[in-house]
Each structure stands twice: as C-alpha cells, then as structure tokens.
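Hi,

Here is the structure I promised to pass on to you. Have a look at it first, and my notes follow below.

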Amino acid sequence: MGNCAGIDWASEKHDVLIADEDGEELLAATFPRDESGITSLCRAMVRHDVEVVAIERPDGVLVERLLEAGVRVLPLHPNQVKAARDRFRASGGKSDRFDRFVLCELARTDRHRFRLLEPDLDETKALRALTRAREDLVSARVALANQLRAELERFWPGPVGLFADIDSAISLAFLARYPSPMDARGLGEKRLAAFLKAHHYSNRKPPAQLLERLRSAAAGRGGALETARRRSIVPRLTRTLQMMVEQIRELEREIAEALDTHPDGEIFRSFFRCPGSVICAATLLAEIGDDRGRYPHRDALAADAGQAPIAVESGKRKHAKFRWACNKRLRNALATLAHTTRRWNPWAAARYAAARARGHAHRRALRTLGRAWSRIIWRCWRDRTIYDPQRHTGLQQLGG
C-alpha cells in the first residue's frame, strides 16, 4: 500500500505525521506556513515515498504543492475526521497532533472508502476563482448598501425607496449629487426631470411624484455638526458602492468570457432559456468541475448539492433530515435553476406543483425539483452533450 501521511493544516503552521503501511511512525514534525516550510514539507513527502496524504481541505496552496510533488491527496470533510476521532480516543480529547494521527490512519486504512482528489482543468479553476470572487463582492455590496440605507434612515429617509434599489446606478448618482436635505433644498421638478433624463430613468413615475415622495418623508432634527458629519459620510459610502458595483460588472464580463471558452461551457448554458443567464451556469460548472470521476452516479451529485435529504432509520422509525453538509454554492445555484425553470419549463412546473401538492414548502419543493435537475445535469455532463428538450422524456410526455 505504500507510506501515507496526515496533515493538520492551520493558518500559521502544518502538523505532519508520516507512517509506513504498518502504521509505524516515520516522521512527526511541524512546518511553518511559508515558502520554506511548504517546500520542506513537500520534500519530506518525496523523501519518505508518501503515496497518499489526508487533509481537511480540497484546495489551496498546500494542496496544489502536494499535487505538484506527485503525492495523491485525500481531501476529507471535517465531519468525517470528527466522527473518526472516537475510534482512537474514548476521552473525547482533541489536539493538532492527535488530528494528524487520525488523518494519517484514515489515509492508511480507509483510503479505499474515500475519493482521491483529481485536479480540475486550469480553465475550471480560473472560472471558480471568478465566480467565488463575485459572490464575495456581492455579499460585501449588500452589506454596504444596508449600511447606506441605515445611515439615510437616521437623518434623511427621503431617498430610501425613491428608486428601485438603493445601490442602483441612478440611486447612487442621486445620492452623490444630493447627499443631504440641504443639498436637495433647491431641487425642483424641472431639475429632477433633467437629472432623470441624463441617467436614463426607465420607470414611469413622473418627476412630480418622485419629488412629492422625497419631500413628504420625515425630516430629521439633527444638529448642525451632526448633519455636516453625516453629509460627509453618505458620499463616501456612495463612492465605495459605485466602485464596487462597477467591479462586479467587470467580473461578470470576465465570467461570461471564461464560460464561453470553457470546454463544458455550452453544456451548462443549455439549461437556461435566456442567453444572458451566465452567473448561475458558470457557478454550476465551477462547483461541479470537469473531473467525470468525481460523481460516479447521479445521486452523488444530488447529495453534494444538498438536494437529497438524509434518511434516518431506527427499528420501525424512518424519516428524512435536511442535508447540512454539502456544497452550499452548488445548492444555491441549483435552487436558482429550479426557481427560474419552473416559470417556463412545463416539466419543471409540473414537478414543482406536484411537490407543493404533497404539502412541501416552497424551498423543499425547489430542492425536489433541483434533485430532478441534478440527475439531468449529471447525464449531460457525463456524456458531454448539451441539454436537448426534444430528448427530455418527461418534458415530451407533457407536450413540451
């Protein structure tokens, strides 16, 4: 079987245990998390002829360097390691050195029960980096928009709700021009109409109605110094939001280009009716990856995406539980796919309606539909073929 290793990685150091096929310790050491430490760690793996190393993460600099050194990586979920600790210690104790031992033993005795890591194509990893960066930036944008809304509610609630979204382009432009009631004191109907025209306002509300809504909002009673300070805060938040929104747009353009050039891009685009549905398609591709051995059967994909419940049986009792341990990004992407397709795909609409008729709540019905979609995605992904409604049996039976 060869030698194996376990690595308990951390933000500042990595605890490593290398053992032979009989479990005899060959090396126990701690390496710093810097270039010299990672280089020394990889050299130790090569020097001791390590075949498999177990670690509690599937990506990152350390994993890439291990793969580059020719060592096969066994990525384990923290829940799997947590459940295995009691096999070796009844006291319930935990330490970094003990965890590296548990990981090493799992690599030595149970490697056949887990899937070894197969790295994705460079195009897939690049797309994954883009989609996850956009997701993080969107979360930051939402938080900053909430902060701006809360700031306005404290001293000038008029602009809140004046336009569709507080972080829309026209709303941010309005706040940049009129950050306080003092700045909007001379704003009239003609000036507002010119502003709306300059920023291509597409809503049908007339300037008079918007102006009335702005002036009818409750007025704050802050002092001169407080108002002046808040008047300076709003432009800062507005400029940051404007820059953040533009960066998100640039990321979305890069994601669209990366999806178009990816070998599997057309497969995942085919599940969406609108050609502009790029983000969800790219997220599905980035999180599923391109290694066809990652999901040996369709239910493996449904489970990893959190669309399949967990069966709990004991004696005559049997019930299903919500699956918490899953790829959250993949689950959200499948929920988006299910939510959008039920509006135009007759088969998806029928699946969703049947789930609701059985008493399922909205989110559970979406997971039911998402599980059905995951099976179709798995088949198209495995066969490297696009989704063809004409070959979708369930859709054709409904006359779709």
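Please keep in mind that the model is predicted.

As for the geometry, helix 1 (residues 35-47) packs against helix 2 at an angle of about 40°, and their axes are 10 Å apart. The crossing of helix 1 and helix 2 is right-handed.

Helix 2 (61-68) also turns up in the lining of the largest pocket, where it supplies at least two residues. Helix 3 (78-88), helix 5 (122-155), helix 11 (279-288), helix 12 (298-304) and helix 13 (328-341) each do likewise. Helix 5 gives the largest share, four residues. The space in this pocket comes to about 1,500 Å³. Its lining has 39 residues, and those closest to the centre are Pro58, Pro75, Arg115, Asp304 and Asn327. By class, the lining divides into 17 nonpolar, six polar and 16 charged residues.

Lastly, the aromatic rings: the structure holds 14 aromatic pairs. One of them is formed by Phe88 and Phe101, and it counts as edge-to-face because the ring planes stand at 75°, over the 60 degrees required; the ring centres are 5.3 Å apart. Phe88 sits in helix 3 and Phe101 in helix 4 (residues 96-109), so this pair links parts of the chain that are 13 residues apart.

Best wishes

Key
Residues numbered from 1 in each chain as written. Predicted model: local features only at pLDDT ≥ 70, side-chain atom pairs only at ≥ 80, totals over all residues. Heavy atoms only, no water. 1 Å grid on protein atoms, 1.4 Å probe; cavity = no way out; pocket = protein on both sides within 12 Å on 5 of 7 lines; lining within 4 Å. Points joined across faces, edges and corners; volume = space filled by probe spheres on them. Nonpolar A, V, L, I, M, F, W, Y, C, P; charged D, E, K, R; others polar. Axes fitted to C-alpha atoms, helices over the stretch in contact; angles between N-to-C directions. Left-handed = near helix turned anticlockwise from the far one by under 90°. Phe/Tyr/Trp six-rings, centres within 6.5 Å; stacked < 30°, edge-to-face > 60°.
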